[in-house]
Amino acid sequence: MKEEIRHADHDKIDLRVWKRLAAYGMQYKGRVLRTILVLLVVSGVDLAYPLLTRFAINHFIVGETTQGLERFGLLYLALVVVQGLCVVLFVRGAGRLEMDICYDIRQDAFAHLQQLSFSYYDTTSVGWLMARLGSDVSRLSEMIAWSIVDVMWALTFAAGVIVVLLAMNWQLGLLVLAITPVLAALCIYFQRRILRQQRIVRKANSRITSAFNEGVMGAVTNKTLAREDAAQGEFESVTGELRTAAVRAAVLSALFMPLVVNLGAIATALALWRGGGLVFAGVIDVGTLAAFLSYTTQLFDPIQSLARILAEMQAAQASAERVIDLLDTPSDVQDSPEIVARYGGLFHGKKENWPKIQGRVDFKDVTFRYKTGETVLEHFNLTVEPGQNVALVGETGAGKTTIVNLVCRFYEPSEGEVCIDGVDSRKRSQLWLQSSLGYVLQSPHLFSGTVAENLRFAKPEATDEEIRQAARLVHAEDFILSLPGGYGAQVGEGGGKLSTGQKQLLSLARVLLADPRIFVLDEATSSIDTETEALIQDAIQTVLAGRTSFVVAHRLSTIRSADRILVIHNGQIRESGTHEELMALGGEYYSLYTHQYRREATQTALE
């Protein structure tokens, strides 16, 4: 497991973070080296220009001759052409490098998100993740691709200029270089303050992205509660914090670069003042002074580039930290290296080594606590035989969903074991178990695409006939064929073009297509109409036969035929038995069932 990097709100650039990110660029060493090479050629040509200027002044102007002017012009033109071609190659290479790095980081981040457990999504907002994978990754890939080569050019060119300056006149060269300590002090001063403001900007930007997401998703709720003004005020508060921090960062950046430029102008003035005196004293010639002034001006180009890159790194430091933190976040549910070696990982299972799942489930003295410290289950024991249909009932928060999530290994027990076919589920791969699971949620989710494409998510190689058969089993084909395009109809983002009942039928058909050995329905019929519920219940009776199944029930009338009904209270089994046994017992299940029956009867009479 990669070492997790955590960052406090310090004011220094963490080179470990940038080293990690630079590794993405170094995956393309050949392209990076070629890009740096063409920049070195550009640097060499830049270094040659002042020398050509010195020759032109001393030979053509001071010498008052045109001899060799044609050759000089051709040489100058050749250097311009070579430099132009190198600039084109540089822009092309760095641009491709930026896109490749952006692609690689996003691929790694998305793959890592697929491996993280439910607990990560319990505490992480969608807006935060969108900001990381969107603007942060784009910004960092641009920084890495262009800054790697820019830094190499700046360092190489600055070193070349310094060598030439000292070679031409070391006293004058040292006078020009005396300004660099002041520049270093300015960089240190501004980097801390810019970095602090940029961290505030990135945090506020994440909250804004999250607020946008909630605003769009909750637009109907805001309207029904007539709280548009309150929602607008909350959003203005978040954006106001971003604006304040962004303005401060912009002011600091606006001060930083002009100060660097002014220092360059001061160094040039010093060179002109001292160099002019040396020309009059006959120590150096006019061409040398002109070249010296040109080099002095050019010296601050790479220094300004380094200062710009430093400022950008300061601004992007917060983004870099958050992206690395995302990539390094460990999953609470992980397969050991030994398990991966034998059974494969989440993306590449070694199916030839997978034992066939029979469907026996055992909870052995299981205790489960959330990261917040809340204990949901404590010393919980349960045995479910293969093919048994178990229903879980109880009040909200009793632990029903936690139990089925532990069966699916979406979470792992804090203590004890959850065994599948007598073996601790942690001694098998996650993919082995979850490939044999069918999970139908209370709020079904469909992906953008056609009806057929959504059904094939469970079994990509499924034939058209297999898809139609699954749809017929859950009585979904009638409404599918009524859609424009039938199985080729677009369902819209999140299935927005379909009703909740229709989405639930497709969700159930999708799970059936995978032919799971363990089936979980988490209040799958609680949000649909009674007619659709009857269709689903009829399908469930047929398809659950011979499969181990867990049904988290809201409507108790839907579980009367369950092999076993468990009444869960505060993470413990309060009652257990068939519907008839529990009704005869006259306990908690009897009270829940009769109360719900009377309520539904009253509603039916009122309708």
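Guide: Helices (H or I, at least four residues) and strands (E, at least two) are DSSP runs, numbered from the N terminus. By that count the protein has 20 helices and 10 strands. The radius of gyration, taken over C-alpha atoms (globule rule: 2.2 Å times the number of residues to the power 0.38), is 35 Å, well over the 25 Å that the rule gives for 607 residues, so the protein is more spread out than a compact globule. The C-alpha trace spans about 120 × 50 × 50 Å along its principal axes.

This is a predicted model, in which local features need pLDDT of at least 70 and side-chain atom pairs count only at pLDDT 80 or more, while totals for chains, interfaces and linings use all residues. Residues are numbered from 1 along each chain as its sequence is written, and side-chain values use heavy atoms, with hydrogens and water left out.

Now the sheet. Two strands pair if DSSP finds at least two bridges between them. On that basis 4 strands form an open sheet, ordered S2-S1-S4-S5, with antiparallel pairing. Its edge strands, S2 (375-384) and S5 (423-424), each pair on one side only. Strand S1 (residues 361-369) pairs with S2 in the antiparallel sense over 6 bridges. Within this pairing, valine 366 stands opposite phenylalanine 380 in S2.

For the whole protein, 48% of the 607 residues count as buried, meaning under 20% relative accessible area (1.4 Å probe, protein chains only). With contact defined as heavy atoms within 4.5 Å, 78% of contacts between residues at least 6 apart in sequence join residues at least 24 apart.

Technical notes
Buried < 20%, exposed > 50% of the residue type's maximum accessible area, 1.4 Å probe, protein only.
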